[in-house]
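Here's a quick briefing to read alongside your model. Have the sequence and the 3D view open while you go through it.

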Amino acid sequence: MAADILILYYSRYGAIAAMAQHVARGVEEVDGMQARVRSVPPVSTVCEVSEDSIPAEGAPYVSVDDLRECAGLALGSPTRFGNMAAPLKYFIDTTGSLWLGAELAGKPAAVFTSTSSLHGGQETTLLSMMLPLMHHGMLMVGIPYSETDLLHTDAGGTPYGASHLAGADSKNPLTETELRLCRALGKRLAGTARRLAR
Ligand SMILES: Cc1cc2nc3c(=O)[nH]c(=O)nc-3n(C[C@H](O)[C@H](O)[C@H](O)COP(=O)(O)O)c2cc1C
């Protein structure tokens, strides 16, 4: 039976959603592994108004059980002021019961992000996204420089995780290099999860 890698993302304008699809393709290049793609609802200052449980478009909303059941996690967020977006952090802050039981400890995890500007905080976002995952005891998987796209990219792509330079209007499509690095990250994550499961 195939094991699932959870690809969990938040995307307001579509860049992270596109990256998630390519990370998922990388996951599915590994025999016996499949991608489970999930998103989180936006958060609102109007707390009385609750979101529908199923989004109008995009991936279904995540549950804590998705995390419990996964063999690994790829977490994707737009950069917001050099950090991950609040809706994703809001969901992560509901995972205390998993933390108490160390249910994610020893599972591999990877991160990906997108920015408008080249120096707008890709690395800070990726590194800070790792922090709660490390509290959970997850094993971080990055991208090694044997992926030579890292040496030549003039857009996104970091050793800490996949990234995308969306541009001032947030409309840049993924470059071929960014796309390959998304796929490489998904494949490495799934390969690691498979080896750990043996
Ligand atoms: C509130 C807010 C804060 C942002 N902060 C940053 C930032 O610190 N650096 C940056 O380069 N882009 C920043 N952006 C731009 C987004 O990171 C960028 O458009 C990203 O590609 C959006 O991803 P999405 O298309 O998946 O929503 C910000 C956007 C918003 C709405």
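Predicted model: local features only at pLDDT ≥ 70, side-chain atom pairs only at ≥ 80, totals over all residues.

A cavity here is a set of points, on a 1 Å grid over the protein atoms alone, where a 1.4 Å probe fits but cannot get out, while a pocket is an open set with protein on both sides within 12 Å along at least five of seven lines; a lining residue has an atom within 4 Å of a point. Points are joined across faces, edges and corners, and a volume is the space filled by probe spheres set on them.

Residues are numbered from 1 along each chain as its sequence is written, and side-chain values use heavy atoms, with hydrogens and water left out.

**The cavity**
- Searching the whole structure turns up one cavity of 30 Å³ or more.
- Its lining is made up of L8, L67, L73, L75, F91, I92, T95, L104, L133 and H136.
- Two elements, β3 (72–78) and α3, each give two or more residues to that lining; helices (H or I, at least four residues) and strands (E, at least two) are DSSP runs, numbered from the N terminus.
- By class, the cavity lining has eight nonpolar residues, two polar and no charged. Nonpolar covers Ala, Val, Leu, Ile, Met, Phe, Trp, Tyr, Cys and Pro, charged covers Asp, Glu, Lys and Arg, and the others, Gly among them, are polar.

- T95 sits in the loop between α3 (86–92) and α4 (96–100).
- T95 counts as buried because its relative accessibility is 4%; buried means under 20% relative accessible area, exposed over 50%, and partly exposed in between (1.4 Å probe, protein chains only).
- The side chains of T95 and H136 are joined by a polar contact of 2.9 Å. A polar contact is a pair of N or O atoms within 3.5 Å; within protein, one must be able to donate a hydrogen and the other to accept it, and residues adjacent in sequence count only if both atoms are side-chain atoms.
- Setting aside neighbours within four places in sequence, T95 is in contact (heavy atoms within 4.5 Å) with L67 and H136.

**The ligand**
- There are 18 residues around the ligand (a heavy atom within 4 Å of it), and S11, Y13, T79, S114 and S170 come nearest.
- S11 has a polar side-chain atom 2.6 Å from a ligand oxygen atom.
- S114 likewise places a polar side-chain atom 2.6 Å from an oxygen atom of the ligand.
- With G120, a backbone N or O atom lies 2.8 Å from a nitrogen atom of the ligand.

**The largest pocket**
- The largest pocket holds about 340 Å³ of space.
- Its lining counts 16 residues, with S11, S39, P55, E57 and G58 nearest the centre.
- That lining splits into nine nonpolar, four polar and three charged residues.

**Positive phi outside glycine**
- F81, in the loop between β3 and α3, has a positive phi of about 50°. F81 is exposed because its relative accessible area is 90%.
- S170 lies in the loop between β6 (162–165) and α7 (176–197), and its phi is near 60°. At a relative accessible area of 25%, S170 is partly exposed.
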